[in-house]
Amino acid sequence: MLRKTLVVSIMVMALLFACTARNKTSAGASDFKLQDLNGKTVRLSDFKGKPVLLDFWATWCPPCRASIPGIEKMQKTYSGRGLVVLGISLDEGDWESVKSFSAEAGITYPVLKGTEEVATQFQVRTIPLLVIINKEGKIVKRYLGFSDDEELEKDIKSVL
């Protein structure tokens with residue numbers, strides 16, 4: 001009983017932290033090479049000179065699912081001004097279910113198959129994790145957990 005209570009308490013604290021924490025940084029974003037859901041290789045460096053929004057997520061994560069409509073809105077609103085949105089799925093194994101979920105959710109931006117190496121590079125400790133990278137390739141903002149669309153939009157506008 002005590003163990004169960006402790007586990008639940010830790011999970012609740014982790015979710016609360018994930019939903020409220022914000023982290024600003026100016027470190028350079030590490031390049032990566034990942035495959036999209038169709039097997040095409042995508043590199044972060046392919047988008048040099050453009051602002052990029054990375055969304056680390058998984059199909060089994062309710063806050064990740066809840067954040068997708070807001071991210072899709074940013075894609076549709078700002079892709080014409082140069083914003084690149086890349087979803088990085090941290091699901092393991094069955095990529096057909098990720099493809100199916102992406103289609104069902106109406107995701108129009110590329111979804112990449114994440115790796116442990118890339119998750120480590122970007123210090124993914126909780127999901128969803130959004131990372132805004134400016135045109136110079138510097139990480140300017142990290143959103144841990146479900147984010148406020150208005151604040152996200154303000155930060156995206158600042159890197160356009």
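## The loop between helix 4 and strand 7

In this predicted model, Pro128 is placed in the loop that runs between helix 4 (116–121) and strand 7 (129–133). The peptide bond that leads from Ile127 into Pro128 is cis, and its omega is near 0°.

Gln123 belongs to the loop between helix 4 and strand 7 as well, and its phi is near 55°, which is a positive value in a residue other than glycine. With a relative accessible area of 42%, Gln123 counts as partly exposed, because that class covers the range between the buried limit of 20% and the exposed limit of 50%.

## The largest pocket

The largest pocket holds about 210 Å³ of space, and eleven residues form its lining.

Sorted by class, the lining of the largest pocket consists of eight nonpolar residues, one polar residue and two charged residues.

## The second largest pocket

In the second largest pocket there is about 170 Å³ of space. This pocket is lined by 14 residues, and Ala29, Leu44, Ser45, Lys48 and Gly137 are the ones closest to its centre.

The lining of the second largest pocket is made up of five nonpolar, four polar and five charged residues, whereas in the largest pocket the corresponding counts are eight, one and two.

Conventions: Residues are numbered from 1 along each chain as its sequence is written. This is a predicted model: local features need pLDDT of at least 70, side-chain atom pairs count only at pLDDT 80 or more; totals for chains, interfaces and linings use all residues. Side-chain values use heavy atoms; hydrogens and water are left out. On a 1 Å grid over the protein atoms alone, a cavity is a set of points where a 1.4 Å probe fits but cannot get out, and a pocket is an open set with protein on both sides within 12 Å along at least five of seven lines; lining residues have an atom within 4 Å of a point. Grid points are joined across faces, edges and corners, and a volume is the space filled by probe spheres set on the points. Ala, Val, Leu, Ile, Met, Phe, Trp, Tyr, Cys and Pro count as nonpolar, Asp, Glu, Lys and Arg as charged, and the others, Gly among them, as polar. Helices (H or I, at least four residues) and strands (E, at least two) are DSSP runs, numbered from the N terminus. Buried means under 20% relative accessible area, exposed over 50%, partly exposed in between (1.4 Å probe, protein chains only).
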